[in-house]
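Please walk through the model below, one region at a time.

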Amino acid sequence: MVGIYFSGTGNTKFCVTEYVNFSVSSGRIFSIEDENVNKAFVSEDGGELIVLGFPSHDGNVPTIMKTFIEKNKGNFSGREVLILVTMAKPGGDVSSKCAQLLKSAGARIYGSIYVKMPDIRTDVEKRFTSIYQNKDMVKDAVSKIHSTIIDIKRGKMPNDGLGIRAALSSILNKGLTKEAPHELKLDTKKCSKCMECIEKCPTKNIKFENKKIAFSDKCTMCYRCINICPRKAITFLGKEIEDQSRIEMYIDETK
């Protein structure tokens with residue numbers, strides 16, 4: 001089994017790692033940002049199950065993951081793929097959208113699992129949950145992952161977001177959901193020009209120009225820069241950050 005993921009603040013990395021490690025003793029895990037990610041598709045028998053993980057971005061597959069699938073059509077061809085999607089509020093048909101991309105690449109869909117994880121949109125009002133609630137949420141996520149794996153061994157396959165009901169739900173909710181503005185905002189008074197956002201941006205969307213931080217048009221809505229900025233100077237949907245969200249805040253690293 002091999003896990004391949006994109007993760008903005010660590011939620012999806014955590015879940016894919018948990019899934020693979022609980023399933024097999026010798027699984028392999030790669031980020032799509034890794035230089036050697038192509039090795040994920042190389043195996044002795046060529047038949048390893050691929051666990052493909054990503055966060056739902058406004059009900060859609062992240063642009064960076066769409067691009068990865070498109071670039072690796074040949075590698076996905078003939079492979080079985082389990083889709084794992086992390087989100088703050090499970091629902092919708094994002095798995096179905098990903099499945100269509102994978103099927104066009106010749107992949108076979110093994111199943112799909114939605115995992116509820118702490119909301120990374122920390123600049124949106126009324127999205128805030130306490131660190132204790134988020135820790136419990138992560139524990140519940142681990143329980144769901146484990147129970148899903150056990151169910152699969154018993155012959156019950158997960159199909160979160162793949163059925164007709166999910167598609168209808170997505171259509172009904174589409175008109176109720178505001179389209180997210182694809183534009184990052186910087187509070188220049190708070191920014192210390194530490195450059196961490198530039199170093200960590202997965203799409204190289206952030207640059208230092210004319211003695212200030214500047215944003216391009218390649219944002220993939222991962223919220224990484226917002227949640228790692230030491231001065232909380234970057235926002236996306238809102239104007240202020242209630243608190244930042246990163247997976248290491250909710251797990252016990254000593255275990």
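The paragraphs that follow take up a helix, a set of aromatic rings, a serine and the cavities.

This is a predicted model, in which local features need pLDDT of at least 70, side-chain atom pairs count only at pLDDT 80 or more, and totals for chains, interfaces and linings use all residues. Residues are numbered from 1 along each chain as its sequence is written, and side-chain values use heavy atoms, with hydrogens and water left out.

Helices (DSSP runs of H or I, at least four residues) and strands (runs of E, at least two) are numbered from the N terminus. Helix 5 covers residues 131-153, and its 23 residues should span 33 Å at 1.5 Å a residue; the expected span is 1.5 Å times one less than the number of residues. The end C-alpha atoms are 34 Å apart, which agrees. Among the buried residues of helix 5 are Met137, Val138, Ala141, Val142, Ile145 and Ile149, where buried means under 20% relative accessible area with a 1.4 Å probe, protein chains only. An α-helix has 3.6 residues a turn, so residues three or four places apart point the same way. Helix 1 (11-23) and strand 5 (108-116) are included in what covers these buried residues. After helix 5 comes glycine 155, with a positive phi near 95°.

Rings of Phe, Tyr and Trp (its six-membered ring) pair if their centres lie within 6.5 Å; planes under 30 degrees apart count as stacked, over 60 as edge-to-face and the rest as tilted. The count by this rule is four aromatic pairs. Phenylalanine 41 and phenylalanine 76 have ring centres 5.1 Å apart and planes at 80°, so they are edge-to-face. Phenylalanine 41 lies in the loop between strand 2 (28-31) and strand 3 (50-55), and phenylalanine 76 in helix 3 (residues 73-76), 35 residues apart. For phenylalanine 68 and phenylalanine 76 the centres are 6.2 Å apart and the planes at 85°, so this pair is edge-to-face. Ring pairs link Phe41, Phe68 and Phe76 into a cluster.

Serine 245, in the segment after strand 9 (234-235), is buried, with a relative accessible area of 3%. Its side chain makes a polar contact of 3.0 Å with that of tyrosine 250; such a contact is a pair of N or O atoms within 3.5 Å, one able to donate a hydrogen and the other to accept it, and residues adjacent in sequence count only if both atoms are side-chain atoms.Finally, two cavities of 30 Å³ or more are counted, a cavity being a set of points on a 1 Å grid over the protein atoms alone where a 1.4 Å probe fits but cannot get out.

Definitions and conventions
Buried < 20%, exposed > 50% of the residue type's maximum accessible area, 1.4 Å probe, protein only. Contact = heavy atoms within 4.5 Å. 1 Å grid on protein atoms, 1.4 Å probe; cavity = no way out; pocket = protein on both sides within 12 Å on 5 of 7 lines; lining within 4 Å. Points joined across faces, edges and corners; volume = space filled by probe spheres on them.
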